[in-house]
Amino acid sequence: MPTFPLFIAMRFSVGLFIAAPSFAAITYFAEFCTFDHRHVIIIYMAMFQGFAMVYCPAMATLFIHQKWTYDLGFIVYKPWRFLMLLNSLASLIGIVLLIGLPESPEILLCIQRKQSGKVDISSEQKEIDGLEYRTRRS
C-alpha cells in the first residue's frame, strides 16, 4: 500500500534523476561555446527541458485512457506500455548522440592531460571562429 513518505521519497528521486543530468548536459555543452553564444545555448537547452515537461503529461493524456490491447505472445501491449516506449525514445536517442561527442576540455585539463586538452580546445575554437568569420562576412 502506498504511503505519503514513500510518495515523497519517490518524488525526490524523480527530481534528482531529472535535474542532475539536465544541468550536467547544460554545463557540458556550454564549455564548447564561445562567450557570445553560450547564453543562447543555455536558454535553448532550458527551453527544451520545459517542452519535455509538457510533452510527457500531454502524451499521457492522449494514451493512458484508451482501451486497446495488442498481444505479441510474450507481452500484452496496453496504452501505458506504449506511453513508456514513447517517453523513452527521446532518452535513447540522446544517449546514442552523446556517445560520439568528445570529452569536455575542462575534464581533460583536470585529469592532467594538458596537451590533449589544449589540442581539443584549439581545434574547437578554430571551428567556432571559422563559423563566426563566415557568418559575419556573408
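You are looking at a predicted model, in which local features need pLDDT of at least 70 and side-chain atom pairs count only at pLDDT 80 or more, while totals for chains, interfaces and linings use all residues. Residues are numbered from 1 along each chain as its sequence is written, and side-chain values use heavy atoms, with hydrogens and water left out.

Next, colour by accessibility. Of the 138 residues in the protein chain, 14% are buried (under 20% relative accessible area; exposed is over 50% and partly exposed in between, with a 1.4 Å probe and protein chains only).

Now select residues 6–29, 41–60 and 80–101, which an unreviewed UniProt entry annotates as "transmembrane region"; UniProt positions are given in the numbering used here, feature names are shortened, and annotations may be inferred rather than shown by experiment. Residues 6–29 are 100% helix, and their end C-alpha atoms lie 35 Å apart. Residues 41–60 are also 100% helix, with 29 Å between the end C-alpha atoms.

Then show P21, S22, A52, A90 and S91, the lining residues nearest the centre of the largest pocket. A pocket here is an open set of points on a 1 Å grid over the protein atoms alone, where a 1.4 Å probe fits, with protein on both sides within 12 Å along at least five of seven lines; lining residues have an atom within 4 Å of a point. The elements giving two or more residues to this lining are α1 (4–31), α2 (35–63) and α3 (79–99). The largest share, 10 residues, comes from α3. What is the make-up of the lining: how many residues are nonpolar, polar or charged? The count is 22 nonpolar, six polar and no charged (Ala, Val, Leu, Ile, Met, Phe, Trp, Tyr, Cys and Pro are nonpolar; Asp, Glu, Lys and Arg are charged; the others, Gly among them, are polar).

Move on to two cysteines. C33 counts as buried because its relative accessibility is 18%, whereas C56, at 32%, counts as partly exposed.

Finish at T69, in the loop between α2 and β1 (70–71). Leaving aside residues up to four places away in sequence, T69 touches V76, Y77 and K78 (contact means heavy atoms within 4.5 Å). Draw a C-alpha to C-alpha distance from T69 to P79: the two are 10 residues apart in sequence and 7.3 Å apart in space.

How values were computed:
Helices (H or I, at least four residues) and strands (E, at least two) are DSSP runs, numbered from the N terminus.
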